[in-house]
Every structure is written in C-alpha cells, then in structure tokens.
Amino acid sequence: MSIHDPQFSAIRGTIENHRWVQNHNWEWIRSNVDRFKDMFAQHTLAEINTLISELEIHYDNYHTFEVSSVVTARPQDGNQPTEYSQPVTHITSCWSHYKQHLRTNKRFSDSMLTDLEFNVSSIMREMSPDSKTLGLAVGYVQSGKTATFAGLMAWGADHGFNFFVILSGTIENLRRQTKNRLLTDLGQHAPRGISWHAMDHLAGRLPRDDARQLNNLRISIGRPERYFTVCLKNATRLTHMVKYFAQNSAIAQQLKIMIIDDESDQGGINTQDAEHDPTVINALIRSIVHGQAVSSFQDALLQAEKYRRRFANLSEPPNKKVQYIQFTATPYANVLNRGPQHETELYPRNYIVALKTGPSYFGSSRIFGVAESDPEAENQDMGIVCDISDADRLAIGDLHSRGSNLPPSLIDALLWFLCAVAVQRVRGVATPVTMLIHTSSAIAHHNRLAEAVETWLTNCRDIVIEQCRKVYRRIGGMLNSVETFNERCPDYPENVIPLPPFDKCESFISGLIERVNKMDLFTEEEERYHKGIHICIDNSAPENRARRLNYPDPDEHQEAMQGTPAFLVIGGATLSRGLTLEGLVSSYFLRESTCNYDTLMQMGRWFGYRRGYELLPRIWVTDRTRYAYNFLSKAEISFREQIEDARQRGKTPAEMPPAVMAHPDNLLRITAPNRMQDAKLQEIDLAGTSPQTIHFHNNEKLLKQNIHFAQDLIKKLKTPRKDERDVKNLVFGSVTLDLIIEFLRKYNAPDSVGFLKERETIIEYLNRANQQDKWTDWNVVVCGRPGLTGRWGNDDEEFKDYNGYKVKRAKEKPPVSEVIFLHSVLSPRDLWSDVIVTKSKEEQKTMLLPTERRPLYAKRKEAGLGQTPALLIYCIDRNSKAPTPKPNAERQSHKLDLNAPCDLLAFVLLLPPPVYGREPRFLFSVSAIEESPPDIEP
C-alpha cells in the first residue's frame with residue numbers, strides 16, 4: 001500500500017493531526033487504533049496498522065533529511081533576505097513533502113536536491129510580499145525546469161501564496177501533461193495543512209456555483225487551499241484570464257499571486273516595432289502582470305477585428321501585487337527585447353537568477369568544450385562527438401530528394417544505437433533507450449529518411465553482429481572506461497557503470513532487429529510496444545499523428561518497460577522544445593543553415609542528466625555545427641558571469657543589464673531582429689571576422705552615390721594585379737587605413753539594421769586595431785565573374801582601366817520595411833583573391849574556403865597574409881534573378897528577384913584574427929535606467 005493513495009487521505013489526515021497538531025507520539029496512536037477503526041470502518045485493522053507504521057517511517061526519514069536543509073543568502077551586498085528566503089522545514093510543510101517525493105519517487109540524489117533547494121531559495125529571496133517584482137530564472141536545456149517551478153509553488157504555498165498561474169506553451173497536450181504532473185508532484189504528496197486545486201480554462205462568465213468562480217475561492221489567511229492554473233499562451237485563454245481577474249476587484253486584491261512563465265522567450269515576446277502596438281499575447285501577459293491596462297492596450301488590440309468584441313468592455317485587472325518569474329534556458333530575447341526604461345514591459349527589472357546544475361548535468365560546455373581563441377588548443381570536451389563529413393552531408397541531401405542509400409556516418413550512428421540498447425538490456429534496465437535523427441525540417445524528408453532507415457535495418461541482419469562489433473570497438477573506444485570518464489569529469493558524483501564485453505551484447509542485438517517498424521499509436525494496446533525497434537516520425541503532419549513518439553506508461557505497460565524498449569525518432573521542429581528524449585544514446589544532428597542561438601540550443605535534446613548510462617551517449621554533427629556549439633558555450637558562460645557579477649555588486653538588471661555576446665561572422669544570430677528591439681552595441685572585437693553589407697537603402701540616389709564612392713576609392717589606388725585564377729578579380733595592395741575609413745564614412749547604409757549602424761564604433765575599433773596590431777597596409781579586391789553579367793563603372797571615363805564585372809545576388813524578404821535584404825554577399829573563393837597563387841589548379845582546389853573561420857586564417861597565414869586586412873568590393877546587378885527552383889523541390893525558396901532601383905555596391909571587411917588572444921565578439925545589451933540626481937537644497 002502507499003501512504004499517498006487517495007483512498008487513505010482521510011484517515012492519514014486524522015493520524016497526522018494526532019501526531020503533529022495534538023502532539024501524541026506513535027505509541028499512543030498505536031494503542032488507540034480501535035478509535036480509528038470505529039471512525040473509518042471502510043479500512044481493515046491491518047490496513048490501519050500498516051498505514052501507521054509506514055507514516056512513522058516516512059516522517060522519520062523526513063527528520064533525517066531536514067537536518068541538512070540549505071539556506072542561501074545573498075553575498076555581502078548590503079541587501080537583507082526577504083521573508084520568503086527561508087524554507088519552512090516543519091514536517092508538515094509543502095516544501096518538505098515535495099522534496100521527499102522527489103527523493104523517494106523520482107530518484108533525486110542528495111546533490112540534485114541540494115541544487116534544487118539552492119535554486120528555489122535564490123528565486124524566492126528576491127520576491128517582495130509588499131510589491132510587484134519581475135524576474136528571470138535562466139536554466140539549462142533539459143535541466144528539469146518543471147521540478148524547479150513546482151518547487152517554487154511548494155515553497156510559496158508555505159509562505160502564503162494562494163494562487164499560481166503557469167503560462168505554458170501553445171500545445172494543449174503539453175499543457176495537460178504539465179497540469180497532471182503538478183497535481184501528482186504537489187497534490188498527491190501534499191501535507192494535511194495544504195490542499196491543491198487545479199483549475200482549467202478560467203473565464204469571467206463561469207456559473208455562480210462553479211468552484212472556479214473568483215467569488216468561491218477560499219483565500220482567507222490560514223486557509224489550506226492553494227489554487228493553480230496552467231494556461232496556454234494564446235489569445236483566447238489569456239483573454240479569459242484577464243476577464244477572470246477583472247470580475248471582482250475586492251477579491252482579486254486579496255490574492256497572493258505567483259505567475260510562472262515557462263519558456264518565456266516564446267509566445268510573450270513583443271515583436272512589433274512600435275511601442276504602442278504590442279503583439280496580442282505580449283499585451284495580454286503585460287495586462288495580467290501589471291494589474292492594469294497597459295498604455296494603448298485596448299486601442300492596439302481593437303485594430304484587429306477578430307478581437308474587437310472580446311476586448312470592447314475589458315476592465316482593468318486590479319491585482320497590483322504579483323510576483324512574475326520567467327523561466328527559460330535561452331534568455332537572450334528576454335533581455336534584449338524591451339528594456340527596463342519601459343515600465344509596463346516584461347523586462348526582468350528586479351532580478352535575474354542563473355539556476356545551478358550540479359556536476360551530474362551534461363551541458364554544452366562539457367559535451368562540446370568551450371571555444372578557444374588559440375586554434376592550436378585542444379577543447380576539453382567529453383570525447384563523445386563524432387563527425388559528419390562534407391560528403392556525408394551531401395549524401396543526406398540526396399537521400400532527402402531521391403531516397404538514396406544511407407551515408408557511412410548515419411550507419412555508424414544506427415549501429416551504435418543497437419549496441420547501446422543491447423548494453424542496457426544486458427544490465428536489465430527498465431527504461432526506454434532512444435536515438436534522434438534530425439536532418440531537416442521538411443516533412444517529406446522525414447518520411448524518406450524513415451523509409452531508408454527501416455530498409456537498412458531490415459536488410460542488415462546478416463552482417464549486423466560483425467558491423468556492431470567494429471563500431472563498439474571504434475565508437476565505443478572514444479569513451480570506453482570508467483577511468484577515462486573520471487579523468488574528463490573528475491567532479492562527477494555518481495557511480496559510473498562500465499561497459500560490458502561485446503560478446504554479452506550479441507544475442508540482444510540479434511533479437512532487437514527481428515522486428516523493425518513504424519510506431520502506431522492507434523494499434524491494439526497489447527501490440528503497440530514490442531521487443532524490436534519502434535520508428536517514430538515526430539512532426540506536425542496530420543498523416544504522421546499516429547507515428548509520433550509516445551513512450552510506454554510505466555504503470556500501464558510494465559512488461560514493455562522491463563524489456564528496455566527502443567525508440568528511433570526522426571523529426572524536425574517539434575523535437576526542439578518541451579520534449580524529453582529518454583535514454584538518448586545516439587544523436588544524428590544536421591543543422592547547417594544559419595539560425596538563432598535559442599533555436600540551436602533548444603534543439604540539443606542530448607543535454608541533460610545521464611545517470612546510469614554515462615558512457616553511452618554519442619553525437620554526430622558537422623564541423624560547422626560543432627564550432628557553433630563551441631561558441632554558444634562561450635556565450636552562455638559570458639552571460640552567466642555577468643549575472644553573477646551584478647549579483648555580487650548588489651545591482652538589479654535595471655541598473656546593470658547583462659550583455660549578450662554576438663557571433664562575429666554571421667554563422668549564428670542571437671535571435672530574430674524583431675525580438676531585439678532595444679538591443680544596443682556595448683563593445684566590439686572584430687578580429688578574425690568578415691562582416692558584410694547585406695542591408696541596402698531602396699533609394700536610387702543613395703545607391704548610385706555608393707557606386708561613385710567606390711569608384712573614387714579605386715581611382716586613388718595603384719595599378720591592380722589580376723587574380724591569377726579564372727575569376728578575374730582586381731587586387732590592389734598597400735592601401736592605407738585612411739582611405740578605407742574615408743570610404744566607410746561616406747557609404748550610405750540603413751541606420752536601423754546591419755553592422756554599419758555602429759559605424760563610428762567600428763571606425764574607432766579599426767583605428768585602435770591599427771595601433772595595436774599594425775593593420776597599416778590593406779588589400780582591396782574588386783570582385784566579379786566574367787560571363788555572368790556586364791561590367792560596372794562604364795559611365796566614368798577615368799574608371800575604364802579598373803572595370804570590374806558585376807555579380808548576381810537574389811534578395812530575401814527584409815527584416816524591416818523599406819530595406820533591400822540579401823542573405824549574403826560574400827563568395828567564399830573571393831577570400832583567397834589577394835593570395836599570390838603559385839600552385840597547380842589541383843592544389844588550388846584544396847585552398848578554396850571551407851566554411852570554418854580558423855582554417856581560412858591558418859591558410860592565409862601560410863600565404864603571408866596572416867595580419868593583412870582586406871576590403872572586398874562587389875557591384876550587384878540590379879536585374880539579378882532568383883534561382884529557378886529545382887523540379888519537385890520540397891521546400892519553397894525564399895529567394896526573390898532583386899528588382900533594385902539601380903546596381904548595389906556591397907563590401908566585405910576581411911579582418912585578421914587576434915594576436916593577443918582576444919575572443920572575437922560583439923556584446924549587446926539594453927540601456928540601464930539612469931538614477932535621478934539627488935535633490936539639492938537651495
């Protein structure tokens with residue numbers, strides 16, 4: 001029997017009342033067991049005695065645990081902890097019960113519980129019982145944020161909070177899962193003094209006798225009831241909540257509300273340009289948080305006819321004292337969107353807390369290592385990352401379009417998955433094991449890939465044992481012993497299980513591939529799960545609804561769980577948030593396009609806790625992706641260091657906003673431009689980067705001026721030499737920095753977007769770099785392609801000796817209006833144009849630019865140009881056409897015909913790498929609130 005079984009809740013409450021309220025000991029309770037039998041005739045005497053014994057053991061364990069309770073305190077910054085900073089450690093506290101539940105039922109270790117208590121206490125101590133606070137908790141991907149905000153609810157319940165709002169995502173299934181998990185973690189394991197009530201779909205027009213009615217809530221001081229609602233971030237649900245709080249201001253003012261915004265960088269960020277035209281979701285959340293209609297809130301929303309009736313009679317919500325805490329692992333939009341100077345925005349002006357993870361967590365820094373400024377330095381990573389070669393990347397593209405054979409790296413990943421499942425079955429592990437394949441966001445690609453993988457697994461049965469033996473030795477050898485693991489993770493607190501000999505895995509591998517088929521959620525219950533491989537296609541396509549990942553329930557499918565079920569998951573964007581892949585041992589990840597920090601980090605489903613299978617995870621990525629995660633590790637560390645620095649100084653985010661390190665060469669964006677509305681450049685270091693102009697005025701006069709500015713620069717240079725390959729570029733050497741700066745100052749570029757919006761800062765940086773690194777002599781390259789289009793500059797007689805060829809570039813939809821936007825101007829081979837070629841054509845092919853930054857500068861150094869900056873100039877044909885889509889293309893091209901008023905003059909700055917070990921970076925933050933000067937008496 002379980003003491004948490006609902007059928008025993010009444011008698012359990014009576015026993016707890018005698019023990020903790022009336023202060024009777026356990027011997028007295030046993031001697032009066034007949035009294036309980038008379039009161040609860042539905043229970044046998046044996047059940048009651050067993051219940052008493054289990055309760056005694058349960059509470060004795062509590063007392064043992066509570067001795068080591070953690071109480072955090074702010075560093076010596078002069079601020080005193082609030083009344084919320086201390087946990088209620090009495091045996092009947094909600095926090096104590098929740099913590100014991102995690103220990104007993106969720107297998108939380110002592111170190112994990114210590115980290116959890118540190119995190120919850122760090123957040124709670126920042127809250128104020130007498131005023132509204134806005135904060136941000138920065139977690140890690142796959143680090144268990146739900147456990148933390150459930151802990152916040154338990155801790156807050158002990159301190160009198162009586163109403164909790166959890167703003168969930170946009171998917172109803174995940175919302176229900178969150179609600180049910182909170183009910184299980186809090187409601188089923190609550191002490192007698194707390195009673196949890198989940199309320200779905202709040203609305204202002206509930207029936208009078210509805211228990212959810214604001215008038216019917218029992219919220220007086222000392223009442224045991226605690227209410228919570230998990231609300232989707234959509235206009236309908238949030239509108240109902242606004243009206244719900246507005247229906248009775250007197251009762252709403254008595255609520256002690258905590259709002260937890262899960263994945264707060266999604267849904268609620270204001271992406272509109274104008275201050276008085278917020279997005280609908282952002283405006284609704286602001287209205288709930290700030291307890292009043294935000295400026296022009298109704299006017300902005302009434303512009304949309306869809307919401308006219310819904311908002312016509314909206315009253316101002318009266319709840320003035322609310323604690324609003326945002327949770328996310330990717331906080332960059334939260335701190336760069338709308339700054340603290342906007343009082344009605346959601347900027348975390350009061351505090352930012354960097355949540356702690358213990359040494360059991362596998363994060364970006366541990367898995368990929370931290371990017372080093374020295375290209376010769378070795379990254380201190382886990383040694384579990386495998387390479388996807390350029391040839392294999394191209395083969396995946398062929399597989400997407402034609403359904404061809406699997407490339408070798410994907411076969412290795414599949415074979416390792418088979419080995420890892422077999423290892424877990426040798427160990428008798430009763431939890432799922434998973435492989436992830438993410439190569440595209442296109443649904444058709446998922447289906448072709450699933451067919452190819454299923455076919456290969458079915459056809460490999462005759463050779464699978466020998467193939468697995470080789471992979472077990474080769475891939476497993478990357479991290480194959482407890483000793484190697486301990487060397488790389490010396491602080492890891494768990495006992496690592498060694499890998500078994502391969503011979504013990506052979507029979508399990510053979511049995512595993514006897515049945516390989518696609519998952520079907522709607523098949524007969526007893527046949528849904530089996531001993532083979534379940535292939536899941538997890539995407540948004542309706543036809544794949546029955547094939548989505550659905551792990552067996554441990555209570556309903558005990559037999560399936562005992563067999564260590566194996567799941568191979570193929571998908572795209574649906575795998576990026578809110579989904580935990582259990583026992584993830586093999587990840588094949590191909591994300592080559594430029595994307596945002598938050599997107600790439602959230603797609604790292606391999607982050608998290610790996611207790612019990614530490615030696616098994618392997619990850620296959622390209623060099624480009626590995627470099628991206630290296631950089632993201634550095635950016636994440638920088639962000640957290642700033643949070644801690646401000647905390648040590650006793651500064652709020654409004655006084656000392658954190659800055660975000662931007663990627664220097666456009667491989668990654670911090671986030672979408674319309675989510676960085678108040679971002680300002682704080683500091684730059686462009687060494688080792690190649691910034692380019694990709695935003696242009698849509699104005700003929702300004703564009704023609706740029707061409708003349710380039711012609712004026714070129715006419716001042718010495719006689720060019722031709723690029724010694726067949727590209728016909730013009731190369732000018734020994735150009736002074738003064739001429740480069742003169743051109744940069746004249747060049748017409750939009751003020752709101754592009755790297756030239758910080759023009760004077762960049763010019764100041766170049767002058768400083770010239771003094772430090774001796775960037776005195778520049779090369780200037782006029783880039784072009786003969787045969788593609790005509791020459792430029794023909795209207796200038798003096799320019800005829802320098803005639804270069806135009807290039808073609810299609811445009812894309814611009815991030816802001818009235819701007820021509822190109823995805824890229826730079827042609828990789830042009831970065832070698834100023835190299836004097838002395839090699840054969842075959843040897844030249846190996847010099848063509850890889851996408852990585854470091855190989856470029858290493859090879860330029862070999863050519864004697866290691867510290868020579870260059871200006872690459874392009875003239876883009878105004879009539880450039882978008883590329884013709886390939887037949888049967890699955891994805892619609894975003895390229896558009898250029899149709900510019902005249903030719904575009906673009907350029908690229910090719911800047912040498914740092915010589916003093918500097919990390920190339922931009923740092924962006926919002927503006928701090930300036931303190932008012934003190935009043936001066938006359």
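The crossing of α17 and α18 is right-handed, meaning that the near helix is turned clockwise from the far one by less than a right angle. This is a predicted model, where local features need pLDDT of at least 70, side-chain atom pairs count only at pLDDT 80 or more, and totals for chains, interfaces and linings use all residues. Residues are numbered from 1 along each chain as its sequence is written, and side-chain values use heavy atoms, with hydrogens and water left out.

Q: Why are α17 and α18 called oblique to each other?
A: Helix α17 (residues 408-427) and helix α18 (residues 443-459) pack at about 60°, with axes 12 Å apart. Angles under 35 degrees count as roughly parallel, over 145 as roughly antiparallel, 65 to 115 as roughly perpendicular, and the rest as oblique. So the pair is oblique.

Q: Which residues make the contact of α17 with α18?
A: On α17 they're Leu410, Ile411, Leu414, Leu415 and Leu418, and on α18 Leu449, Val453, Trp456 and Leu457, with contact meaning heavy atoms within 4.5 Å. By class that's 9 nonpolar, no polar and no charged residues.

Q: What makes Arg107 count as buried or exposed?
A: Its relative accessibility is 57%, and the cut-offs are under 20% for buried and over 50% for exposed, with partly exposed in between (1.4 Å probe, protein chains only). So Arg107 is exposed. Arg107 sits in the loop between α5 (94-105) and α6 (110-124), and its phi is near 60°, a positive value in a residue other than glycine.

Q: And why does Gln142 count as buried?
A: Gln142 comes in at 16% relative accessibility, so it counts as buried. Gln142 lies in the loop between β1 (133-138) and α7 (145-158), and its phi is near 60°.

How values were computed: Axes fitted to C-alpha atoms, helices over the stretch in contact; angles between N-to-C directions. Helix = DSSP H or I, 4+ residues; strand = E, 2+ residues; numbered from the N terminus. Nonpolar A, V, L, I, M, F, W, Y, C, P; charged D, E, K, R; others polar.
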